[in-house]
Amino acid sequence: VATDQTGARLSRSDLVWQERPLDANANDRDGLAGCGLRGSRSCTPGAIANDPSRLRSPPALAGRSLVYAERAASGFDLLLCRLTSRPCTPRVVAPPLQYPPQPQFDGRRALVAGRSGNERRLFLCDVRRGTPCELRETSITAPLHLVPKGYRDGVALYEDIDLLTGPAFDYRLFACALDATSGACEPIHVATEAGPFDVALSKGRLVWSTRAPDGTLDLAACRLDLHAGTCPVQRISGDPSRQHRPRIDGHRVVWEDDREGPARIASLSLPTLEPLAARRVRAGRSLVFALHVSRGQ
């Protein structure tokens, strides 16, 4: 069956994506599929979840472990399956959640949205074998809108809305070093956009789609400084056509780029400074070192 394939996630040599048959009904839900790329440039897709009647979240992939949420009788189940087996058989790993949690996963812990009292709150759970994890409240809370956008190396990204900007609310992106035991967090405001964020995180660097004054989509990036509580924003593309859906691994960024007509995948290595080995000089003398610049990489 011919399908539209979107929302790819790559980890090591495994690939998962959302797919939708071209002849799907308007109310049908996207399915999930995946494959392994080991020893080959291509792969044989295998279905992971394809019931068109069940609402499910985009996938989160870490190592060979896949996490996603799917509607169940009592809310939404958080599911995990390991791509080491075929088929990839999902199992429930957390208590039921009240609404689609858009989970983020780092291979050990899942970051999800839930409800506490009258507010939305983010929760952590340590994903273990055999038993469902315990949902632990964090200090991240908001009354109306709260969505986890990333979780890597103890850094959480999340989105809320600015209630003072209604009725067309501004969306705000925050980052914080989330204490895995206490759930404490000191938020750092990263950026504000007119719509939901499409953002990715790797090794302290964030990239996301940002709307230019003419209404087209460009790309922005920042390097997170947790000690200073800052993430200075830089625009890394600017063109009347559309650049969007960025993903980052280390310093390499890829995105969908429409500047040449058809949508193509473009790539860029962000500038970085490599640390120097420890050196000593006598007082009053100059410290000399070479600075190398790479272009077009």
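Valine 281 is partly exposed, with a relative accessible area of 46%. That value comes from a predicted model. Valine 281 sits in the segment after β23 (264-269). It belongs to a nonpolar patch on the surface, formed by Val281, Leu287 and Phe289. Together these residues have about 280 Å² of accessible area.

Now to the strands. Strands of a sheet pair through backbone hydrogen bonds, either parallel or antiparallel. Here, four strands make an open sheet in the order β9-β10-β11-β12, and the pairing is antiparallel. Its edge strands are β9 (104-105) and β12 (136-142), each pairing on one side only. Strand β10 covers residues 109-116, and strand β11 covers residues 119-126. How many bridges join β10 to β11? Eight bridges do, and the two strands run antiparallel. Serine 116 stands opposite glutamate 119 in β11.

Aspartate 153 has one, although it is not a glycine. Lysine 203 is not a glycine either, and its phi is also positive. The table lists the values.

| Residue | Phi | Loop | Relative accessibility |
|---|---|---|---|
| Aspartate 153 | about 55° | between β13 (146-152) and β14 (155-162) | 69% |
| Lysine 203 | about 50° | between β17 (199-202) and β18 (205-211) | 67% |

Are these residues buried or exposed? Exposed means over 50% relative accessible area. Aspartate 153 has 69%, so it counts as exposed. Lysine 203 has 67%, so it counts as exposed. Valine 281, at 46%, is partly exposed.

Notes: Residues numbered from 1 in each chain as written. Predicted model: local features only at pLDDT ≥ 70, side-chain atom pairs only at ≥ 80, totals over all residues. Heavy atoms only, no water. Patch = residues over 30% accessible without salt bridge, like charges linked within 9 Å, V, L, I, M, F, W, Y side chains within 5 Å. Areas by Shrake-Rupley, 256 points an atom, 1.4 Å probe, with all protein chains shown as cover. Salt bridge = Lys/Arg side-chain N within 4 Å of Asp/Glu carboxyl O. Buried < 20%, exposed > 50% of the residue type's maximum accessible area, 1.4 Å probe, protein only. Pairing = 2+ DSSP bridges.
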